[in-house]
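Me: Hi, I'm new to this one. Could you walk me through it?
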Amino acid sequence: MSASSSEARYRMAERYYAHGQIDAAIDALLRLLGEDADHSDAHAFLALCLIKRKRLHAAALEAQRALELEPESAFAHLASAVAAIAQRRFPAAQAHLQSARELAPESAAVADAFARLYRAWGRDAQALEHARRACELDPDDPDYPALLAWLELRRGERARAEELAREVLRAHPEHVEALCVLGHCELARGEPERAREHAAWALQIDPGDADALTLLAAVKARQSPLLGLWWRLQSFLSGGSRTRMVVLLLAMFLLYRIALIALPQQGLPQWVGPLSYGWLVFCAYTWIAPTLFWRSVRKELEQVRLRPGF
């Protein structure tokens, strides 16, 4: 495979990724790696794509392979950090980002990754600082002001968040993150229909985007408390690694079993029956609610039509 052909496929993958066509980007990178298995940047880029598809273990392996091939690559450290953030291994992500910053101190992408790390870590003040730094380093990249808009929204600066999101959308009308921020602003203003339009548009661009799904869920939670309850539970359980989810589910079941044993011992045998029925209803609800929810989402996506000039 010639260097020019390899470069062309890599650039093609970048274009696919930028337009939310993650599967196409993965396919292009796999073709590239099929002919040049030692392409470090392709492994690192593939890790970023796999994170978008929630294949976190595979993403971590790809990022690790990129580092093995090129230990002094800032991009490989960046991909490893993003994979670690997705797995909620925050100290490991911070260490990779510090290495990336030493290798590329003026990289806006590294500053952006620091901001996303601290946002996930709950350190909003540090996240805001790095998001502003990313915007200063590369004012033309729409991802950085979109993240800054998220952070402004989280600290209650809704007007500033809306201004930043609209600014991004004027130049990039299909920017999913900015659409989601604007949707949350609309929802907070008490306009769920407009928020739903933003969510539907974002999902049409990237059906698997977590922020867009969260926005749609927030709209539905406003309109349907029953399904909103399931979505909040689902968001809480899936807000980390698969191991965390399994541990939480096991903990819930153990608490249920402990309560069944403890209630009679505490002189409350009359509560054993209601607790058992309540657990049965909970299990049935978590089994049926996803089907109802996604049927509702598909129906909405088929019906949503954006207003002219939106």
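This is a predicted model: local features need pLDDT of at least 70, side-chain atom pairs count only at pLDDT 80 or more; totals for chains, interfaces and linings use all residues.
Me: At what angle do α8 and α9 pack, and how far apart are their axes?
Reply: Helix α8 covers residues 124–137 and helix α9 covers residues 143–154; they pack at about 150°, with axes 9 Å apart. Angles over 145 degrees count as roughly antiparallel, so α8 is roughly antiparallel to α9.
Me: Is their crossing left-handed or right-handed?
Reply: The crossing of α8 and α9 is left-handed.
Me: New topic: which residues touch the most other members of the largest nonpolar core?
Reply: Those are L97, L117 and V181, in a core of 53 residues. Another core lies apart from it, with 26 residues, including A25, F45, L46 and C49.
Me: What is V181 in contact with, leaving aside neighbours within four places in sequence?
Reply: V181 is in contact with A146, A149, W150, L153, A161 and A165.
Me: Back to helices: how do α2 and α3 pack?
Reply: Helix α2 (residues 22–35) and helix α3 (residues 40–52) pack at an angle of about 150°, and their axes are 10 Å apart. That makes α2 roughly antiparallel to α3, and their crossing is left-handed.
Me: Which residues of α3 take part in meeting α2?
Reply: From α3 they are A42, H43, F45, L46, C49, L50 and K52; they meet I22, A25, I26, L29, L30, L32 and L33 in α2. This contact has twelve nonpolar residues, one polar and one charged.

Key:
Residues are numbered from 1 along each chain as its sequence is written. Side-chain values use heavy atoms; hydrogens and water are left out. Axes are lines fitted to C-alpha atoms, for helices over the stretch in contact, and angles run from 0 to 180 degrees between N-to-C directions. Helices (H or I, at least four residues) and strands (E, at least two) are DSSP runs, numbered from the N terminus. Angles under 35 degrees count as roughly parallel, over 145 as roughly antiparallel, 65 to 115 as roughly perpendicular and the rest as oblique. A crossing is left-handed if the near helix is turned anticlockwise from the far one by less than a right angle, and right-handed if clockwise. A nonpolar core is a set of buried Ala, Val, Leu, Ile, Met, Phe, Trp, Tyr and Cys residues joined through side-chain atoms within 4.5 Å. Buried means under 20% relative accessible area, exposed over 50%, partly exposed in between (1.4 Å probe, protein chains only). Contact means heavy atoms within 4.5 Å. Ala, Val, Leu, Ile, Met, Phe, Trp, Tyr, Cys and Pro count as nonpolar, Asp, Glu, Lys and Arg as charged, and the others, Gly among them, as polar.
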